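Here is a short report for a reader new to this structure. It looks at a pair of domains, then at a pair of helices.

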Amino acid sequence: MLIRAKINGIEVQVEKGTTILEAAGTVQVKIPTLCKHPDLHASAACGICIVKVRGSAKMLRACCTPLEEGMDIITHDPEIISVRRTVLELILSKHPNDCLKCGRNNDCELQKLAADFGIRQESFKNFLSPLPPDDSTGTIVLEPQKCILCGRCVDVCQNMQNVWALSFLERGFETRISPAGDIKLADSPCVRCGQCSNHCPTGAIVEKDDTNRVWAALQDPDKYCVVQIAPAVRVAVGEAFGYPVGTNLTKKLYALLRRLGFKAVFDTNFAADVTIMEEGTEFVERLTKQKGPLPLITTCCPSWVDFMEKFHPDMIEYFSSCKSPQEILGVLAKTYYAEMKGIDPAKIYVVSIMPCTSKKYEIKRCEEMFASGCQDVDVSLTTRELARMIKQAGIDFVNLPDEDPDHILRDYSGAGVIFGATGGVMEAALRTAYFVLNGKNLKKVDFEELRGLNGVKEAEVQIDGKKIRVAIAHGLSNVEYVLNKVREAKKNNLEIPYHFIEVMACAGGCVGGGGQPYGVTDELRKKRAGGLYQDDRDCSVRFSHENPYIKKLYAEYLCKPLGEKSEHLLHTHYKARPVYVK
Amino acid sequence: METDRKIILLADTEQSQQDKLRDFYTSFANQIKDKGLEDAVSLVRASDIGIYGKGFAVKILPRGIVYTGVKESDIGAIIDASVKGQGTVERLLFSEEPKQIRIVLRNCGVIDPESIDEYIACRGYGALKKILSGMNPAGVIEEMKKSGLRGRGGAGYPTWMKWKFTRESQGDRKYVICNADEGDPGAYMDRSVLEGDPHSVIEGLIIAGYAIGAGMGYMYIRAEYPLAVERVKKAIGQAYECGLLGKNILGTDFSFDIDIRLGAGAFVCGEETALIASIEGKRGTPRPRPPYPSVSGLWCKPTAINNVETLANVPYIIMEGGDKFALIGTEKSKGTKVFALTGKVRNSGLVEVPMGITLREIVFDIGGGMLGDKPIKAVQTGGPSGGVIPVDQLDTPVDYENLQKLGSIMGSGGMIVMDESDCIVDIAKFYLGFCVEESCGKCAPCRIGGYQMLNLLNGIAEGSGSLEDLDKLRRVALAMQRASLCALGQTAANPVMSTLRYFEQEYREHIVNRKCRSHKCRSLMTYSIIQDKCKRCRVCVINCPVNAIEGDREKGFFIDVSKCVKCGKCFEVCKFQAIAKE
């Protein structure tokens, strides 16, 4: 049903239920807000987005008030602007206002609003409570002093991710965000997905900055620094340099990383192809030889792994033992590459550029992350940290020439690159599983039904006359639905609802990862994923098993998927990690 | 269910001869015994029946006949005429229009609140019987519409509309909630009703449930009211035993249950959306409306929330008819309102007055005038969300609209009378301090705005304020009024704004002259010794806790202002009024 109303005297027609904030967008008015985020419920906390109905002194919150038939909305007049400014000044009176030293300097919604409103003085006494930062997770840093209590992180953590690590504590002026029970974030259910940091309007939650460690390693003559870039990074990093969203910058990134001083530049996409060889084979073995229970559940996402170990340990038996592409590339760099090049693995320093905060945790997750004999990945940086390094180095990223990656851990198939989007791992795995079961390749490579942003995607795929049922969930709150279906079937001895399940912790998959540039929305996720799918289409090889370098890797080094060497280097185990037991 | 039992109230309207009332009571009781009526009558000594200065009064319920100026010699005639028979004793009949009309408090102090029989004897549950034996829900709502009853919790929303909207909302279940989270400082209207007449509220809640089509009602009572909780619990149990609650009430198709939920002491949980969150087990913070609870309330089902006093009116309206109720009050505010009258007034306590009565009548006719006959300065109404009404507005008729025009609100019914010894800044500080303490902390304007305003007020009271602070106060107050999420924040600035409106001069004296004319603001006071009056007894010297009084018996004594902490001890202990305070 359509609603007709006026905004600033301009006629608008919008669907019933559209908020005033959304409707204003249709007439080119961007009503400022510090708490509303398109991904989240309107918490109505900040009080900035107020507007008036003509003839009434009362002010409404545009973020959560639906436009009604015949409404005559005013989005700005001297009183509205003045009230907004006062509220903004009040927020700033409980904020450190030390922008120069802040992780969000120049990329902060509060700072931007203060600039827009021309705040030139502190009208009110600053009352900052002494709240110490919490960097216990080693992945994200919570700085409650900078928090403006917009509630986004709490909504993300509780509703989008169903993790419930963050909550509001205390009341009134003393209100603050913290893990429930005032414990450290590392002891809380936090799965380090970093979505809180990605949605925070200020610098209250930021990724732990490891760029200095990388600079130090690059300077160290005893270290042989190599680097890998994850699929989703290439379509997002450009946002920090004014590129249109979704622009694929793979080859510029290769050039860039070399100029930063890395001795070899690898692509995590290559390791994604290895993952498919291992995980695809694992799937086929479970499907045809009953070498393990079905459904098989993917494990590329460390936040999902952590979440499962904390909240769904009964699902461990279904988990693929295959490591994530980051770890596979790390271990291959320190074994295969080291042997080929004749370099002491202990000297190789592997840096990974990931769209993810949780990857910082994964590199030390368990003993198998040291399969090469030393830590397989030394430092994991987020896309945001990489963007900062580029700027620190003063490299004119936009005008860099294209370059190719280094051989042996290099070329990737189209199947490897789509790992960065939700449904991509499943699609890549099915392409190879089809080949293993049928002995020939799919004619139609694209699985359109597995793509897109629906929280849970279910599909049935015919392979060799066999119906393969798959499910894809992204955003951790969507996992429970899928897992409960499995549990239900198991309890009642029914046929399994799915053979294969892909889970990614972040909405949209890694393109929407917690370490990606700020300001993510579904529109952005689609565009970033679009960049990856375009890359897939542009690849001459679209099956992991057809990647010549993969063939070479198995021929020269690993022998066969799930072989002895693969098991040792490329597989891991899981264990229950109950929360709140300390 | 109905009994012929009569209740006879004996009261001393002079409020001065309680011992003689005891004798009067004894002879009344003896004569009833002599006439063999003791089983048909409950004799109650009432402290206040709303009539003053008319000797002993006798009130006979349920007929409501009132005799005043009754002597012991009249007792026999009264019993014969009105207890045994249905007549009256004309010469003793009280015919004046009473200043107080008791509808809400009709049974308080009259019946034994723990006895359902006594409630029934006063026509209790008659309204429930009436609707169940011949009124459909629409008819009940129509009756409420005729009555013009508006919510007594503060906002004054028409009760019938609330019920109508909830009735019309789609939902497989609906709920009614009695809001008994009374929390205004000094207000105890709801507590008195719950403790004195719990069944009237329960009956009102059942009728509300019937009208909107709910099968479940909750009594949300603050845990700090243990006696009220106990009595309500007992009353609910009795109602179940009598078939007035539960399945098929009074043999009809209507079934209704009531459960109690305890509030944990947050003032904001009296706000309906926060109250719902609290019952649902969530953090008690308001959420944006719409959707209103009548559409999506408790557990996302249509919910009507009514205040204790509102519900206590309902059985009366159903029994007597909405038209009769609407005869009381003003054009837009019908019925009576209970106020907790307190402050510098002779008779403090609960008063129930018809809407439209003036503040002067309440203070001087019912309250018995000012304590010590000091001049009245102002009346504060509406509790922490209300405002201060100056003496020149005392003749304004009390109703929702008028109080709002004066910058105050009806609120839940606190009424504090002030004389010249009350400092306006101090009053504003007290009420604002309450709201700051009770802010839930969710939205920025209330959370920070209140705190900043309080800080400014403290500065003014301590003599460090500037005239610029008054502008700041007004600016923040406007932001709080316009941009706070719930009524608590929107009205928290009222005490400051209304005092600034009527008493700005007093603020200016604090700021410019560093003087508090009421001698309340300690920092602005100076103590000195009036040498002419001083007898040099040294009592002040001995009592001064900081040894600020120096000198000796020969030279005399002096207060060292740099040491003085302005505790007022010297002023208190001096027997010769030799300490000056200014």
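## Domains and helices of chain B

The centres of domain 3 of chain B and domain 4 of chain B, taken over C-alpha atoms, are 22 Å apart. Their contact takes 11 residues from domain 3 of chain B and 15 residues from domain 4 of chain B (in contact: C-beta atoms, placed from the backbone, within 7 Å). On the domain 3 side, strand E12 (residues 387-390) of chain B gives the most, with 3 residues. Strands (E, at least two residues) and helices (H or I, at least four) are DSSP runs, numbered from the N terminus.

This is a predicted model: local features need pLDDT of at least 70, side-chain atom pairs count only at pLDDT 80 or more, and totals for chains, interfaces and linings use all residues. Residues are numbered from 1 along each chain as its sequence is written, with chains lettered from A and ligands numbered from 1 in the order in which they are written.

The domain bounds come from an automatic or database domain assignment.

| Domain of chain B | Residues |
|---|---|
| domain 1 | 6-92 |
| domain 2 | 116-322 |
| domain 3 | 336-419 |
| domain 4 | 424-513 |
| domain 5 | 526-581 |

Now the helices. The axes (lines fitted to C-alpha atoms over the stretch in contact, with angles from 0 to 180 degrees between N-to-C directions) of helix H7 (residues 189-196) of chain B and helix H9 (residues 226-241) of chain B come within 8 Å and cross at roughly 40°. B:Arg191, B:Leu194 and B:Glu195 in H7(B) meet B:Leu227, B:Ala228, B:Arg231 and B:Val232 in H9(B).

Conventions
Two residues are in contact if their C-beta atoms, placed from the backbone, lie within 7 Å.
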